[in-house]
Amino acid sequence: MKNDYFNAYFQVDMPVVINNYNKVKAHIGANTDIIPVIKGNCYGFGLIPMAKLFAQDCGAKLIADAAMYEAVTLRQAGLTCDILVVGGIPQHLLHGAVEYDLQIPLFEAVTARHIDRLAAAAGKKIRVHIKLNTGMNRLGVKAGKQLENLLDLVKSLGHIEVVGAYTHFATSTADFYDPFAVEQFTQFQEGVHQIQDAGFSLQYIHCCNSAATAWYQEAIDYSTHVRSCTSILGHMAMEDGREPLGLVEPVEIGTYITNIHQIDAGESVGYSRAFMAEQPMTVATLSLGFADGFYPGWMRRQGPVLVNGHRTRFLGCCMDQSFIDVTDIPCKIGDKAILVGKSGDQQITTWEIEQFCENTFEFLYGTIGQRVERIYKWT
Ligand SMILES: *Cc1c(COP(=O)(O)O)cnc(C)c1O
C-alpha cells in the first residue's frame, strides 16, 4: 500500500545528474569509465532510483556500494549490471557475493580461503578486486611481500578470478597534487605492476574518487575507471569549494509551514526556551525536525532558509518540527520553506549548508530518513 503523506521532500533533478555524469565522462576521456559509488542510500538520494539512473540512463556498467546489504538490495530490485562492494564485509555475509554474483575486495588470506570454498561449493567463480593499502590504512594489502603471498595463495585456489585492483586516497580533497596523494598513487602503480607481473590481467584499475577525478589527470589516464559520485551529485570536489568541472546542483529540499504566530520581546520559542526574542517577531513552525535525519545544528545554529523568495533563518529545532523567523515576510500556512534550492531569485546551495554546518554532504544528506519523500524530477 502506497503511503505518500510526507511532511518534507528531497527532490533530485535527474537530467542535471545525467549532465553532470556526462561532464565527468568528457573530462576523464574516452579511455576511462565511471564506477558510481552509491553507498549510504546513495548519499541520501535513494539507492534504487539512483542505481537505475546510473545503470540505465548513464550507461554505467559497474556500480559500487559500501555494504553487502546495499548490493543485495539492488539485485533484489532487479539490477543486472556488475556490482562491486568496496567496503569491508563481515565473514558470515560473504556467501552473498556468490549467491548474488557480486564483486568484492580481496586483501588477505582468511577471506581468500573462505570465498574460494563458497564458490567451489556453488560451482562458480568469484570475481575480486585486489584492494591495495597505500596509506589510508582501512582495508588493503601492501605492495611487496604481503601482496606476493596473497597472489601466490590466489593462484593455488581454483575459484577466485582477479578482475581488478584499486586503492583509495586519504587526502585528495585537500589540494591538487597533495604530496600524500601523489605518494599513494606511486605505491598503487607498484602494486598494480606486481599483480600484472604475476600474470593476472586486470579489467579494472581504479584509484580516483571525486576529488582526484577533478585534478589528477595522470592517475585518471593510468586507470580504467574512476570511482566518483559525490561530485556528480553536486557536491564540491575540493574542501575549499573548488569544482573545476562546472557540475550543477541537482537538489531541492523543502518542507511546509504549519503555523504562523506573533511573539513579543521576551518570549521564547521551543524546548528549554532555547530561542529568546529580543523584539516582536513573526515565527513560523515547519513540519520537519531532526527525526527526519537532519543534522540538528543546521536548525539550532540558525541556518538559512528561503520562504517565498525571501532569505531568512531557523530559530530552533525539535524532533519533528522546527521554527523559522518570518518577520516581514509575506507567507501563509501551507506555504513551502526551502532548505536547499531556489526560491524566487534566492538560492541556498549544498556548499553553503556544508560551510554553515561545518559538516560534509555525506553527513548532512546521508542520514536523511524515510519520512522525507524522495522526488525524482525529469522535466
Ligand atoms: C565513497 C567512496 C568513493 C566515492 O568517493 P567520492 O569522492 O565521495 O565520490 C570511492 N571509493 C571508495 C572506496 C569510497 O568509499
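The following legends describe close-up views of a predicted model.

**View 1**
The shell around the ligand consists of Val37, Lys39, Tyr43, Arg138, His168, Asn209, Ser210, Arg227, Ser228, Cys229 and Thr230.

In lysine 39, a polar side-chain atom is placed 2.7 Å from an oxygen atom of the ligand. Serine 210 likewise has a polar side-chain atom 2.6 Å from an oxygen atom of the ligand. At threonine 230 it is a polar backbone atom that lies 3.0 Å from an oxygen atom of the ligand. On its own the ligand has 390 Å² of accessible area, of which the protein covers 92%.

**View 1. The pocket that holds the ligand.**
The ligand is located in the largest pocket. Among the residues that surround the ligand are Arg138, His168 and Asn209.

Threonine 111 belongs to helix H6, which spans residues 109–122. The relative accessible area of threonine 111 is 7%; because this value is under the 20% cut-off, the residue is classed as buried. The side chain of threonine 111 forms a polar contact of 2.8 Å with the side chain of glutamine 91.

Notes. Residues are numbered from 1 along each chain as its sequence is written. This is a predicted model: local features need pLDDT of at least 70, side-chain atom pairs count only at pLDDT 80 or more; totals for chains, interfaces and linings use all residues. Side-chain values use heavy atoms; hydrogens and water are left out. A residue is near a molecule or strand if one of its heavy atoms lies within 4 Å of it. A polar contact is a pair of N or O atoms within 3.5 Å; within protein, one must be able to donate a hydrogen and the other to accept it, and residues adjacent in sequence count only if both atoms are side-chain atoms. Accessible areas come from the Shrake-Rupley method with a 1.4 Å probe; for residues, only the protein chains shown count as cover. On a 1 Å grid over the protein atoms alone, a cavity is a set of points where a 1.4 Å probe fits but cannot get out, and a pocket is an open set with protein on both sides within 12 Å along at least five of seven lines; lining residues have an atom within 4 Å of a point. A molecule sits in a cavity or pocket if more than half of its atoms lie within 2 Å of its grid points. Helices (H or I, at least four residues) and strands (E, at least two) are DSSP runs, numbered from the N terminus. Buried means under 20% relative accessible area, exposed over 50%, partly exposed in between (1.4 Å probe, protein chains only).
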